[in-house]
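Grab a pencil and open the model in your viewer. Here are a few exercises, each with a worked solution.

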Amino acid sequence: ITTNEKIKTYRRQVDQMGFSFDWSREVRTSDPKYYKWTQWIFIQLFESWYNKKNDKAEDIADLISIFSSEGNTQVNAACDDDIELFSAEDWNGYSFEKQQKILLQYRLTYLAESEVKCCPALGPVLANDEIVNGVSERGGHPVVQKKMTQWSMPISAYAERLLQGLETIEWTDALKESQRN
């Protein structure tokens, strides 16, 4: 209710300023028609691992099959640095819970303790571009760093592929450059 009221107020204010927008193209991240796709892509990433040998994401079921038949000694994946090596016999003897814990070290989305920038006055975690000279851009409130468990992605493992992919999409040069940086 609050979000919808704020959207109405924002739209009214923008219209009063005389700006011309095609409101039929509006995207609301609070709309289930929108966030169902962010949830869908998260599931696709969660159900995938990055095979460095093939330089692409593959289904986690394929990795489970490799573990079941060969173990992980020959797997070249984007994963945690402290991977314990195991045989197929070891894998097949592990409990379901232990197998899932191991798989979390290989998935394209994983839980990690990360340093985040928080603004107690505003409430949320802030992105780097929302902080100017150590304070929040909005309101000039103090920003502190703290550890937080959150979902992460090993983007650096396939950064070069992401950069090459920028050349194949029709985005503005400015947007491509911001992604490169």
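**Exercise 1.** How much space lies in the largest pocket, and which residues line that pocket?

*Solution.* Start with the volume: about 220 Å³ of space lies in the largest pocket. A pocket here is an open set of points on a 1 Å grid over the protein atoms alone, where a 1.4 Å probe fits, with protein on both sides within 12 Å along at least five of seven lines; lining residues have an atom within 4 Å of a point. Grid points are joined across faces, edges and corners, and the volume is the space filled by probe spheres set on them.

A quick note on ground rules: this is a predicted model, so local features need pLDDT of at least 70 and side-chain atom pairs pLDDT 80 or more, while totals for chains, interfaces and linings use all residues. Numbering runs from 1 along each chain as its sequence is written, and side-chain values use heavy atoms, with hydrogens and water left out.

Next, the lining: it includes Ile 155, Arg 161, Leu 166, Trp 171 and Arg 180. Helices H6 (159-166) and H7 (173-180) are the elements that give two or more residues to it, and H6 gives the most, with 6. (Helices are DSSP runs of H or I, at least four residues; strands are E runs of at least two; both are numbered from the N terminus.)

**Exercise 2.** Which residues line the second largest pocket?

*Solution.* Look for Glu 115, Val 116 and Gln 150. The space in that pocket is about 180 Å³.

**Exercise 3.** Which residues touch the most other members of the largest nonpolar core?

*Solution.* First, the core has 13 residues, and Trp 49, Leu 63, Phe 67, Val 75, Trp 91, Ile 102 and Tyr 106 touch the most other members. Such a core is a set of buried Ala, Val, Leu, Ile, Met, Phe, Trp, Tyr and Cys residues joined through side-chain atoms within 4.5 Å. Then check the elements: helix H3 (60-70) and helix H5 (96-104) each give two or more residues, and H3 has the largest share, 3 residues.

**Exercise 4.** Asp 55 or Asn 133: where does each one lie, and is it exposed or partly exposed?

*Solution.* Asp 55 sits in the loop between strands E1 (48-51) and E2 (56-59) and is partly exposed at 39% relative accessible area. Asn 133 is in the loop between strands E5 (131-132) and E6 (135-136) and is exposed at 78%. (Buried is under 20%, exposed over 50%, partly exposed in between, with a 1.4 Å probe and protein chains only.)
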